[in-house]
Amino acid sequence: MRFSAAALVAGLQVSAALVVDGEQKPLGFQQKPKGTATKGNKQPNIVFTLTDDQDLHLQSLDYLPLIKKCLADEGTTYKRHYCTTAICCPARVSLWTGKQAHNTNVTDVSPPYGGLPKFISQGFNEAYLPVWLQEAGYDTYYTGKLFNAHTVDNYDSPYLAGWNGSDFLLDPYTYSYLNATFQRNRDAPVSYEGQYSVDVLAEKAYRFLDDAAQNLLTVTSSRASLLQQQAPSTAAQPPKKTTLKNSSPSLLPSPPPATPTCFRTSSSRALRTSTPPRAPRACPGSRSCQYKAPKT
């Protein structure tokens with residue numbers, strides 16, 4: 001069974017199909033002007049975890065006890081929720097856009113009828129959930145698989161919109177669990193040969209949580225300084241200066257420095273890896289890799 005996971009860290013104001021007082025409310029994102037606060041003058045913070053290829057009748061969660069315990073057993077199960085197109089990429093596009101597959105026209109997992117290229121050609125890079133969240137004043141972060149056919153060749157044509165920070169898991173290494181390739185923000189792809197991809201993904205998710213928390217502290221500090229400047233001055237005592245900072249240590253250690261370099265023969269782009277040098281090896285598809293020992 002193939003398994004992939006992704007994490008979205010954001011403040012989220014989204015409505016789905018739900019029933020309130022016996023009346024079904026419409027699907028879709030309820031967009032508010034940027035900076036609009038919810039009740040209590042606070043916007044909610046949401047960590048969204050997506051697990052792929054879960055099948056009720058094949059009992060896939062029996063093989064993923066931690067996901068079952070932490071998400072299913074301790075969460076809410078919607079027993080009458082149905083996926084109209086129960087295949088990876090079309091379902092993901094429906095999730096991000098709020099539209100069914102016959103409206104997105106993304107009907108397969110790979111081109112020409114599906115995958116990232118179809119998502120882009122349909123115009124959804126400017127009209128999907130993270131873009132709307134940013135327009136509503138939120139910071140958004142993502143790591144893991146986003147779509148099929150999001151590859152080491154097309155990750156920058158164009159870059160995906162809507163993310164303050166991103167670290168995408170790329171094909172053809174999405175299911176190479178000990179040789180995954182991630183691409184952070186607008187950096188070149190990086191290979192994690194010899195490291196379990198789920199552990200790599202977890203580390204990246206924790207780092208984005210740190211980034212989101214630090215950004216929140218920065219915004220709070222800026223607002224406190226602004227309010228302090230706007231407050232009336234007192235002759236008796238000058239206002240106290242308040243500095244907000246993240247005093248907690250980083251959740252994760254710094255990544256090891258890259259040593260060898262893996263160059264693609266078909267392009268000038270390079271894949272950096274943090275594994276020890278070894279003999280040249282063949283890569284999937286039209287790619288071949290050449291490892292070079294670092295200069296001493």
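**Cores and a hairpin**

Let's start at a turn: in the hairpin of E7 and E8, with five residues between the strands, Asn185 takes a positive phi near 50 degrees. This is a predicted model, where local features need pLDDT of at least 70, side-chain atom pairs count only at pLDDT 80 or more, and totals for chains, interfaces and linings use all residues. Residues are numbered from 1 along each chain as its sequence is written, and side-chain values use heavy atoms, leaving out hydrogens and water.

Q: In E8, which residue is the bridge partner of Ala180?
A: Strands are DSSP runs (E, at least two residues) numbered from the N terminus, with helices being H or I runs of at least four. Strands pair if DSSP finds at least two bridges between them; E7 and strand E8 (residues 190-193) run antiparallel, joined by four. In E8, the partner of Ala180 is Tyr192.

Q: How many of the six residues of strand E7 are buried?
A: Buried means under 20% relative accessible area, exposed over 50%, and partly exposed in between (1.4 Å probe, protein chains only). Strand E7 (residues 179-184) is mostly covered. Its buried count is five.

Q: How many residues does the largest nonpolar core have?
A: A nonpolar core is a set of buried Ala, Val, Leu, Ile, Met, Phe, Trp, Tyr and Cys residues joined through side-chain atoms within 4.5 Å. In the largest one, Trp96, Phe119, Phe147 and Leu160 have the most contacts inside it. Its total is 23 residues.
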